Amino acid sequence: MIPASLRTLLAASVLALSCGAALAADPASPDLGKLLATGGVSQVEGAGGGGLTPWALITGYGSRDSYGGNVHATAIRTQDHALYTYGFAMGLADRVEVSLARQSFRGDGGALDGLRIGQDIAGIKLKLAGDAVLEQDSLLPQIAVGVMAKRNTGVSGLGAVGNVKQLGAASDHGVDVYLSATKILLDRSLLLNGTLRATRANQMGLLGFGGERGNHYQPMLEASAAYLFSPSVVAGVEYRMKPRNLAVDNEKDYYDAFIAWFPSKHLSVTAAWVALGDITVLNPTRQKGFYLSLQAGF
């Protein structure tokens, strides 16, 4: 029997290919038809949204009759660690989003100095209902379902650990499934987002999936609130719950405060103060630092 998460991914993939084929039949240039900033920025796992959590918005500036895409590079630096992410995402007909991202985690101090971990993420998102911008007279938010397939590419340093299973993880690969609802109140210059994620990922999957304390999917809440100071400047806060599956890693929830600048529909810059909690019991210092992300696209 095919798991429900994979059935969702397959169905969304078929729809993405159908949209892509329809657009290919009309090779018009991207229309950049969406309002500035309404494609969001690139989330740390590659999806369109905020920095820490995906939104129901579809990435890029293509309207329902077009497409859009972007590339991004993101760096998070705390006292002892660094996380680098880069990737590509595309939105089709303002309904389907596909993304690819690679994460690289580095221990640059403390007990985890020298640790290196990599992870690849493939994502797809499907808008189910609503329109966060056009339906201002409706209480219904824009709603989207998404899937992130993650595979850990190995661990090096600290005695040349080769696999996250040696750290106690049950698996080196897994799938996150999430449901996001986003509402933009243009008359109040306000964006609100809530995401419910089913996951068993440890530190987003960087420390594998499942562990001694549990190897089952758990519902995790994520939330964002942002204020549009102008059409090109947005600031807000985010919060993301985390599971606690590993004996060696008493995970803490993530949160941040961010500001994003959109000088044009082709470029955005996001800066944030971020708190990632403890990273394993070997280094119990609460990791707080800075986040910087550049996105270029259409």
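1. Two strands count as paired if DSSP finds at least two bridges between them, and strands themselves are DSSP runs of E, at least two residues long, numbered from the N terminus. With that in hand, look at A260: this residue stands opposite T270 in β13. Eight bridges join β12 (residues 254-264) to β13 (residues 267-277), and the two run antiparallel.

2. A word on where this comes from: the model is predicted, with local features needing pLDDT of at least 70 and side-chain atom pairs counting only at pLDDT 80 or more, while totals for chains, interfaces and linings use all residues. Residues are numbered from 1 along each chain as its sequence is written, and side-chain values use heavy atoms, leaving out hydrogens and water.

3. Now the overall picture. Twelve strands, in the order β3-β4-β5-β6-β7-β8-β9-β10-β11-β12-β13-β14, close into a barrel with antiparallel pairing.

4. Next, the rings. Searching the whole structure turns up three aromatic pairs (ring centres within 6.5 Å; planes under 30 degrees apart are stacked, over 60 edge-to-face, the rest tilted; for Trp, the six-membered ring is used). One of them is Y227 with F229: the centres are 4.9 Å apart and the planes at 75 degrees, so this pair is edge-to-face. Y255 and W273 make a tilted pair, 6.0 Å centre to centre with 50 degrees between the planes. That pair links distant parts of the chain, Y255 being in β12 and W273 in β13, 18 residues apart.

Note on methods
Helices (H or I, at least four residues) and strands (E, at least two) are DSSP runs, numbered from the N terminus.
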